[in-house]
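Colleague: I am new to this model and would like a close look at one part of it. Please take the aromatic rings and go through them in one connected answer.

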Amino acid sequence: MSAPSQDQDLDRRTARIGLVGYGGAGRGIHARLAREAGLAVTAVVARNPERRAAAQEDWPGVRLHDDLAGLLADRGVYDVVVIASPSGLHAEHAAQVAAAGVPFVLDKPIALDGDQAAAVVEAANTAGTPFTVFHNRRWDPEQLTLEAVLAAGALGRVHTFERRWERWRPVPQQRWKENDPVGGGLLLDLGPHLVDSATRLFGPVRSVYAELRAHTTPTEDDVFLTLRHAPATDGHEVVSRLWAASVVGAPGPRTRVLGDAGAYVVTTFENDASPFEVFDEAAPAGTEGWITRGRERTPVPRAPGGHADFYRAVAAWLGGGPVPVDPGDAVRTARVLDAARESSRTGRRVDV
C-alpha cells in the first residue's frame with residue numbers, strides 16, 4: 001500500500017498519534033514505543049477515568065475522546081490513528097478510520113478471521129486509505145539475529161523451525177484476552193506473531209496441523225501448530241512447530257532452528273523464568289543465542305534493533321517512506337489461523 005500523503009512539514013516535526021485505547025496495549029506497548037521512537041500521542045480514545053487520567057499524566061495537553069467518532073472529528077491534532085482496542089473491535093474500528101481517510105496502524109490480529117481481515121484491506125483500498133499492521137515482533141533482536149544467521153548460511157540447509165511463547169501463569173489474569181471466547185485466547189493474541197515470524201523466515205504456508213486446548217480460561221491457553229511451508233523448487237520443505245501456552249512450569253527453549261550444518265538455539269525470552277536459563281550463564285554480553293553442534297556451542301552477536309523501530313518506520317512512512325508491514329501479510333496470517341482452528345476441530349491437517 002502506498003505511503004500516506006502528509007504535510008510537507010511532517011519530516012521537520014514530531015509525528016502525532018491519535019490512539020484508540022489506553023489500556024495494556026495502548027499505554028503499555030504503543031504509547032511506550034512511540035515515545036521511545038520520538039513520536040507524540042496527542043489524542044486518546046478512552047472512557048475509563050483512570051485511563052483518561054493516565055493519558056493526561058503521560059502526555060500533558062492530550063485531547064481526550066469518549067469514542068472513535070469524536071477522535072475522527074478532531075482531525076487536525078494527529079497525523080495517524082493507532083487502533084489498540086480489543087481484537088473483536090478491530091475490523092469495525094478499521095472500517096471507520098478507513099472511511100474517514102485517515103492513515104492508521106492496526107494492532108494484530110487485524111480481524112477475527114481471514115474473511116474479515118480481507119474485508120478490512122478491501123475497505124481501506126476502496127477508500128484509498130493507507131494503513132499498516134503492528135507486527136512489531138519483526139524487529140525483535142532475536143528475530144533479526146536469526147535472519148543474520150540464516151543469511152550467513154551458518155546452519156546449512158534448514159529443515160525445522162521451532163518457537164515457543166510459553167509462560168508459567170497457572171492463575172490467569174482477569175482480562176478480556178483470557179475471558180472473551182470470540183476475540184480472546186492465545187491463538188489470536190500470540191499466534192499472529194508466531195506465524196508471521198515463521199513465514200518471514202521460510203515463506204508461505206501450505207498446510208497446518210493444530211491442537212488448541214483450554215486449561216484455565218474459557219478460551220484457549222494452550223496452542224500448538226505445525227506449519228508445512230511451500231517447498232523449494234527441488235522439493236525441499238521446512239516445517240515450523242510453534243507453541244503458545246500459559247500453564248508451562250518449564251518455559252522454553254524459546255527458539256530452536258535445525259539445519260544440516262548445525263542449530264541455532266535461544267533458551268529464554270523477555271525475562272520469563274525458565275530452568276533453561278542456566279544455559280546462558282556463560283553467554284558473553286551483546287550476544288543472542290548460540291549456534292550448537294552437539295555439545296559444541298558458539299555465542300552469536302546480537303543484531304541491532306528493537307520494537308521501537310516499528311514506530312520509527314511509521315514516522316518514515318508518514319513522510320513518504322515504505323509501509324512498515326504490508327497488510328496483505330496479515331491477511332495471509334489470518335488464513336493460517338483459520339486453518340489451525342479447523343484442524344483442531346477436525347483432528348486433521350488442513351490446506352491453506
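Colleague: To begin, what is the relative accessible area of Phe279?

Modeller: The relative accessible area of Phe279 is 31%, so this residue is partly exposed. Buried means under 20% relative accessible area, exposed over 50%, and partly exposed in between, with a 1.4 Å probe and protein chains only. The model is predicted, so local features need pLDDT of at least 70 and side-chain atom pairs count only at pLDDT 80 or more, while totals for chains, interfaces and linings use all residues. Residues are numbered from 1 along each chain as its sequence is written, and side-chain values use heavy atoms, leaving out hydrogens and water.

Rings of Phe, Tyr and Trp (its six-membered ring) pair if their centres lie within 6.5 Å; planes under 30 degrees apart are stacked, over 60 edge-to-face, and the rest tilted. This rule gives nine aromatic pairs. One of them joins Phe279 and Trp290 edge-to-face, at 5.9 Å centre to centre and 80° between the planes. Phe279 is in the loop between β12 and β13 and Trp290 in strand β13, so the pair ties together parts eleven residues apart in sequence. Strands are DSSP runs of E, at least two residues, numbered from the N terminus. Trp290 is buried, at 4% relative accessibility.

Phe310 and Tyr311 also pair edge-to-face, with 5.1 Å between centres and 90° between planes. Phe310 is buried at 0%, and Tyr311 is buried at 1%. Together with Phe134 and Trp139, Phe310 and Tyr311 form one aromatic cluster.

Arg297 has its charged end over the ring of Phe279, 4.6 Å from the centre. Arg297 also lies over the face of Trp290, 4.3 Å from the ring centre. A charge sits over a ring if NZ of Lys or CZ of Arg is within 6 Å of the ring centre and within 35 degrees of the ring normal.

How values were computed:
Helix = DSSP H or I, 4+ residues; strand = E, 2+ residues; numbered from the N terminus.
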